[in-house]
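Visitor: Please show me the model, and let us then discuss some of its features.

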Amino acid sequence: MSEFDFNNNSHRRYNPLLDSWILVSPHRTQRPWQGQQEKASTDSLASYDPKCYLCPGNARMTGEQNPRYESTYYFVNDFAAVKLDQPDYVTPEADKENIKNRLFKVQGTKGTCFVICFSPKHNVTLPVMSVPDIRVVINTWTDLYLKLQAETPFKYMQIFENKGASMGCSNPHPHCQVWCTENVPTEPAKEFSSLRSYSAEHDSCLLCDYLSVESAEKSRIVIENDSFVALVPFWAVWPFETMILAKSHVASLPSFSEIQKNDLASIVKTLTTKYDNLFLTSFPYSMGLHQAPIHPVGDEYELAHFHMHFYPPLLRGATVRKFLVGYELLAEPQRDLTAEQAADRLRTLDDVHYSEK
Ligand SMILES: O=C1CCN([C@@H]2O[C@H](COP(=O)(O)O)[C@@H](O)[C@H]2O)C(=O)N1
Ligand SMILES: [Zn+2]
């Protein structure tokens, strides 16, 4: 029997952050595609759109007028998913007899949501912003983290960006969102539980140990600088999924030095530039930051190791996306391209944006 070949033999990979498995079937990349074709992004957006609710000086749906902002600007979401004030509610403590209490749990939840416009320009996405301008976005994230920490009792600040219509973005003006809630949401909570059990068992940080192996093997590293590594995680699900990991065990944005924040701006620019250069299109993704809660309890601050996740849907070219459906919803996530092949593709791409050539 021949040697096991990761590039040809089907295998499962374990994700220790989420305690889950994915199926990798490398030989399937040859299968024909006669399914949906996405509309490639129209790069020809104007720098100002009089109908855009996010553009400087325009009125939003509520009638509120945006200032003529000239840099990164944020406002409270007019259609916030969670609100500052509402009556409390929690399901009565489940007792043995009461099936309903055991199975039908409800928590009332309060919070606050913001929309952060990266730039006043309607057509300037992160990859075509300068590193100093991306640094202003990072300063805005950090200042908002500290403001919410000082002024609210809420627990967790989730920063995320939906980029591109194929990732549900309802407004093309480059922006991200902040949803700050009184509970740690499901995904970061799962990660904290994995970080906690790993630390209890090995007296070490899971992500620090993971990064030490990735730095030695290099086959999944895409880019790195003094403070961060961008890589395709061993357990990646989306074809060109990546993570940006802090090289040192830093818990949150306010804990970074000025140099580290500059390095974060730089690696975000390079990674998102490579993404756009992959299929010569404005590359869609959902991206988010995972860090310490703004009001950590117990060991949460010590466990936190700052990282970002990028979940991009495109698979083959600017118009063919991966669908997480079928086997992936009913059994487990599955991928064709291996993480190493995806990292190879991204690594070899130019770090000058195709529109600037
Ligand atoms: O006038 C508006 C339009 C959009 N928004 C908010 O902007 C956000 C746009 O984000 P998405 O493109 O990711 O949907 C969305 O959450 C929406 O509620 C306002 O707050 N006011
Ligand atoms: Zn706009």
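Visitor: At what angle do helix α3 and helix α4 pack?

Guide: This is a predicted model, in which local features need pLDDT of at least 70 and side-chain atom pairs pLDDT 80 or more, while totals for chains, interfaces and linings use all residues. Residues are numbered from 1 along each chain as written, chains are lettered from A and ligands numbered from 1 in written order, and side-chain values use heavy atoms, without hydrogens and water. The axes of α3 (residues 186-202) and α4 (residues 206-217) lie 9 Å apart. The two helices are therefore roughly perpendicular (65 to 115 degrees), at about 80°.

Visitor: What is the arrangement of the donor atoms around the zinc ion (ligand 2)?

Guide: Cys52 (SG), Cys55 (SG), His122 (ND1) and His173 (ND1) coordinate the zinc ion at 1.9 to 2.3 Å, donors being N, O and S atoms within 2.8 Å of the metal (3.2 Å for Na, K and Ca). Their angles are 100 to 118°, and four donors with all angles between 85 and 135 degrees count as tetrahedral. The arrangement is therefore tetrahedral.

Visitor: Is Thr338 buried or exposed?

Guide: Thr338 lies in the loop between β12 (334-335) and α8 (339-347), and touches Phe6, Asn7, Arg13, Val24 and Pro26, not counting residues up to four places away in sequence. Its relative accessibility is 0%, and under 20% counts as buried, over 50% as exposed. Thr338 is therefore buried.

Definitions and conventions
Axes fitted to C-alpha atoms, helices over the stretch in contact; angles between N-to-C directions. Helix = DSSP H or I, 4+ residues; strand = E, 2+ residues; numbered from the N terminus. Parallel < 35°, antiparallel > 145°, perpendicular 65-115°, else oblique. Tetrahedral: all angles 85-135°; square planar, octahedral: opposite > 155°, others 65-115°. Buried < 20%, exposed > 50% of the residue type's maximum accessible area, 1.4 Å probe, protein only. Contact = heavy atoms within 4.5 Å.
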